[in-house]
Amino acid sequence: MRLLVLHASRFGSIGAIRDYLEGFQAYSRHEVFFMDAGDGAIPQTTYEEFDVVIVNFCCRLHYGSLFSDACEEFVSGFPGTRVVILQDEQENTLSVRKKVFKLRPHIILTTLPSEAWPIVFPEEFFEKTKIVRLLTGYARQKPLPSTLALSPLQERPLTLGYRVTPHVWRWGELGKLKIEVGQRFHQACLRRGIPADIAWTEQAKIYGDEWLRFNASCRGVLGSESGANVFDWHGDLQRRETQFRNTYPNSTYNEFLSEISNQEITFDNGQISPRVFEATITQTPLVMVEGKYAEMIKPDEHYISVKRDFSNIDDVLDRMENIENLQVMADRAYNHLIKSEKFSYKAMAKTIDSHIQIIDDELKYLSRLAKDKKINKEMNNVPPSNLSFLASYPTQSPLGCDYALNKIQKFQEIIPNIFEASQLCEEEGLAIYGAGDGGRIVYQWPLRNNVKPKFFLDSQKSGELFGLPILKLADILLYKEKINIVIASQHFWSIGIYLVKSGFKNVFNGEHIIKSQISSVGSVFPYNL
């Protein structure tokens, strides 16, 4: 069969995501192609070219910019097997559910445990969908970089190493634990004079082969379960966290958690991170906070266990001095996680292939019953010449962030970010496209710059907002040369394309205004390059 994997090229250069995409291509028994689906991508292919379409988790269905409306239309109408792979399902959960439902998947591949499925993917929406659990990442089978030499443990300069994303309160206790384990061991290593490199800032992050080298310089690496135990069902927790921390600058995490306690989940959502495989492949011992880790690794067999109250930190650091025992544990973890190939991309591809085959057989059987009335639909959604760079074609390999950045830069030449009121043309006035939360935020910006918006635009809402009328685009087509429009929506790409196709000239992106109001420290909205 011919499989088409839709991905967001913004993330195509990130090592773990590229390993996931290329690992599936390398070990699937089918012919696998890729197509960019993010940042306004407009598919340029026909349905009859492929048997299966797969939406990879890097398309981030949580936010509109990384999975275009044109790609949503392409997938939902695809007559063959439709597969959606999800991760970070705790973000904007109800919106993700709605988008996945529109794609009509035959298979959902999720990192959530089975007890979460009736809650996140209720049967009333996904009665005929097969749900399968996958890991967030797998063990790479390609060799380590030729320039990376693995030194014996006793020769490694660092006793402990660790990197983690800055603390985001809305992720709950699992998010807090990631930060606290680093801080606790950082303090203990300083107190005891133990060489360590532990950091929890955005600036300290390490990527690509450098991350493998960092692991290989350590006698042990810290870790904890990934995931979150607070679900952002309505997509508003990022804004609520920012507002809470701004309103109460001396507040604590626990005070915020009490505000959102009704959104804590009732099932265990702890995951095993791909970083476990990345450490193990460099034969670096694991020092992990006690947890389930999807039942894949066991304490004191595959990792040194850190108690959740951190009462055994000194004991753990003492054990780090026993090189012989560390080596035995590292070898045992390597044999279990890497050498066995039970958790490899080869095993992942075999799992996905087997479920695709079952669905494909069922569809062929149903087609024969219906006398095989085959659908060969062409999208014929060719972008206009000034948007030709949005045309997305199937490729042999995943596209990387350079491709996405080129698209973004070209689109910004047509629809620039709005930073100053002087950018606005003094014509018929200012309209804000989007009458939701984004529109409410952007509305305040022109007022602070002595500009009065005249109306809002919205494809769904009507009535008034802040005493201004909410109009449809059809109401102002005659004035498209004279009106300034600031887009105030995470669906910037689809709205922008619509406005450009409609002939509007003075269009701006209000994303950075929204971002400045709702983004917490260390958060990314919406996944900037």
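Q: How many bridges join strand β15 to strand β17, and how do these strands run?
A: As a general idea, strands of a sheet pair through backbone hydrogen bonds, either parallel or antiparallel. Here, β15 (residues 455-457) and β17 (residues 468-471) run parallel and are joined by 2 bridges. Two strands count as paired if DSSP finds at least two bridges between them. Strands (E, at least two residues) and helices (H or I, at least four) are DSSP runs, numbered from the N terminus. Keep in mind that this is a predicted model, where local features need pLDDT of at least 70, side-chain atom pairs count only at pLDDT 80 or more, and totals for chains, interfaces and linings use all residues. Residues are numbered from 1 along each chain as its sequence is written, and side-chain values use heavy atoms, with hydrogens and water left out.

Q: Which residue in β17 stands opposite Leu457?
A: That's Leu471.

Q: In what order do the 6 strands of the open sheet come?
A: Follow β16-β17-β15-β14-β18-β19, with mixed pairing. At the edges sit β16 (463-465) and β19 (506-509), each pairing on one side only. On average, neighbouring strands are turned by 30 degrees against each other, direction ignored.

Q: Which strands does helix α15 touch?
A: Contact means heavy atoms within 4.5 Å. Helix α15 (residues 437-448) packs on the sheet and touches β14 (429-433), β15, β16, β17 and β18 (483-487). Its direction makes about 160 degrees with that of β14. Angles run from 0 to 180 degrees between N-to-C directions, using axes fitted to C-alpha atoms, for helices over the stretch in contact.

Q: And which strands does helix α16 touch?
A: Helix α16 (residues 492-501) also packs on the sheet, touching β14, β18 and β19. Its direction makes about 160 degrees with that of β18.
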